[in-house]
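Please look over the sequence and the model shown here before reading on. The notes after it are grouped by topic.

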Amino acid sequence: MTKCSKYLFYFLLLLATIFHVKAENGQQLLIDSLRLVLENQRGEEHIQTLLLIADVYSETNNTLAIKYANDALKLSISSSDKLNMANSYVHLATYSYAGENYDKSLNYSNRALNYYSQLGCLDCLSAVYLDKAAVYSRLGQLDSAHYFSEASLEQAYQIYDTLSQVKSLRSIGNVYYKQGKAELALKHFHQALALSKHSTLCC
């Protein structure tokens, strides 16, 4: 990305923020600025910008979000970029979940896990475990939801990731709540709250 295109992107983004334009106009301004940046990019930066555009679209148009995430995936595959292949699969899992296509969401999450495991991206593993827990919880498969919430928590402890620990504890609490185990649910909610209070991260 050239310096000029970078400055233009941040300038347009600042305008959208300062003037609080209508949500859809603000979104379009951001997308247009990202597309402008995209024209001058190649390789990894190009893929990451495609995923940024997908995220912006995910607020209002899940179909377009999936399209841009698939574009990022295709480029990642063609360049044998395993990290961005995994990142693309995570995005697709998220958008599939939002579209209530839970089988696809789990499939994409499994593919992401495979590549993150190969690459040793431990922080990413915790997040994907939580995504899978959310899907299983939505499907009412609470044993599986509990398993992946615990897996996420264990991974978060290993890498000292406080934010992921808090999210994992909340996820476990939600599972217990759905199972009618109020005391265990409250225990994990209190643990999550106590941990977030002692963290500089915003949870």
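The model is predicted. Its chain has 10 helices and zero strands. Of the 203 residues of the chain, 42% count as buried.

**Overall fold**

- Read from the N terminus, the elements run α-α-α-α-α-α-α-α-α-α.
- Take the contacts between residues at least 6 apart in sequence: 50% of them join residues at least 24 apart.

**Helices α3 and α4**

- Helix α3 covers residues 43–57 and helix α4 covers residues 62–78; they pack at an angle of about 165°, and their axes are 7 Å apart.
- Because angles over 145 degrees count as roughly antiparallel, α3 is roughly antiparallel to α4.
- The crossing in which α3 passes α4 is left-handed.
- On the α3 side, the contact is made by H46, I47, L50, L51, I53, A54 and Y57.
- On the α4 side, the contact is made by N62, L64, A65, Y68, A69, D71, A72, L75 and S76.
- Sorted by class, this contact of α3 with α4 has 12 nonpolar, three polar and one charged residues.

**A69, a residue of α4**

- A69 lies in helix α4.
- Is A69 buried or exposed? A69 counts as buried, because its relative accessibility is 0% and buried means under 20%.
- A69 and L51 are 18 residues apart in sequence, while their C-alpha atoms are 5.6 Å apart in space.
- Leaving out residues up to four places away in sequence, A69 touches L51, A54, S88, H91, L92 and Y95.

**Helices α9 and α10**

- Helix α9 (residues 162–178) and helix α10 (residues 182–197) pack at an angle of about 165°, with 7 Å between their axes.
- α9 and α10 are therefore roughly antiparallel to each other.
- α9 passes α10 in a crossing that is left-handed.
- The residues of α9 that meet α10 are T162, Q165, V166, L169, R170, I172, G173, N174, Y176 and Y177.
- Their partners in α10 are L184, A185, H188, F189, Q191, A192, L195 and S196.
- The contact of α9 with α10 divides into 10 nonpolar, seven polar and one charged residues.

**Aromatic rings**

- How many aromatic pairs does a search of the whole structure find? The search finds seven.
- One of these pairs is formed by Y57 and Y68, which are stacked: the distance is 5.6 Å centre to centre, and the planes are 25° apart.
- This pair links distant parts of the chain, with Y57 in helix α3 and Y68 in helix α4, 11 residues apart.
- Y57 and Y68 are both buried.
- Y136 and F148 also form a stacked aromatic pair, with 5.7 Å centre to centre and 10° between the planes.
- Here too the pair links distant parts of the chain: Y136 is in helix α7 (residues 122–139) and F148 is in helix α8 (residues 142–158), 12 residues apart.
- Y136 and F148 are both buried.
- One aromatic cluster is formed by Y129, Y136, Y147 and F148.

**S126, a residue of α7**

- S126 lies in helix α7.
- S126 counts as buried because its relative accessibility is 0%.
- Which residues is S126 in contact with, leaving aside its neighbours within four places in sequence? They are S152, Q155, A156, S164 and S168.

**Two loop residues with positive phi**

- E100 has a phi near 60°, which is a positive value in a residue other than glycine.
- Where is E100 placed? E100 is in the loop between α5 (82–98) and α6 (102–119).
- E100 is exposed, because its relative accessible area is 57% and exposed means over 50%.
- Y160 has a phi near 55°, also a positive value in a residue other than glycine.
- The loop between α8 and α9 holds Y160.
- Y160 counts as exposed because its relative accessibility is 73%.

Technical notes:
Residues are numbered from 1 along each chain as its sequence is written. This is a predicted model: local features need pLDDT of at least 70, side-chain atom pairs count only at pLDDT 80 or more; totals for chains, interfaces and linings use all residues. Side-chain values use heavy atoms; hydrogens and water are left out. Axes are lines fitted to C-alpha atoms, for helices over the stretch in contact, and angles run from 0 to 180 degrees between N-to-C directions. Helices (H or I, at least four residues) and strands (E, at least two) are DSSP runs, numbered from the N terminus. Angles under 35 degrees count as roughly parallel, over 145 as roughly antiparallel, 65 to 115 as roughly perpendicular and the rest as oblique. A crossing is left-handed if the near helix is turned anticlockwise from the far one by less than a right angle, and right-handed if clockwise. Contact means heavy atoms within 4.5 Å. Ala, Val, Leu, Ile, Met, Phe, Trp, Tyr, Cys and Pro count as nonpolar, Asp, Glu, Lys and Arg as charged, and the others, Gly among them, as polar. Rings of Phe, Tyr and Trp (its six-membered ring) pair if their centres lie within 6.5 Å; planes under 30 degrees apart count as stacked, over 60 as edge-to-face and the rest as tilted. Buried means under 20% relative accessible area, exposed over 50%, partly exposed in between (1.4 Å probe, protein chains only).
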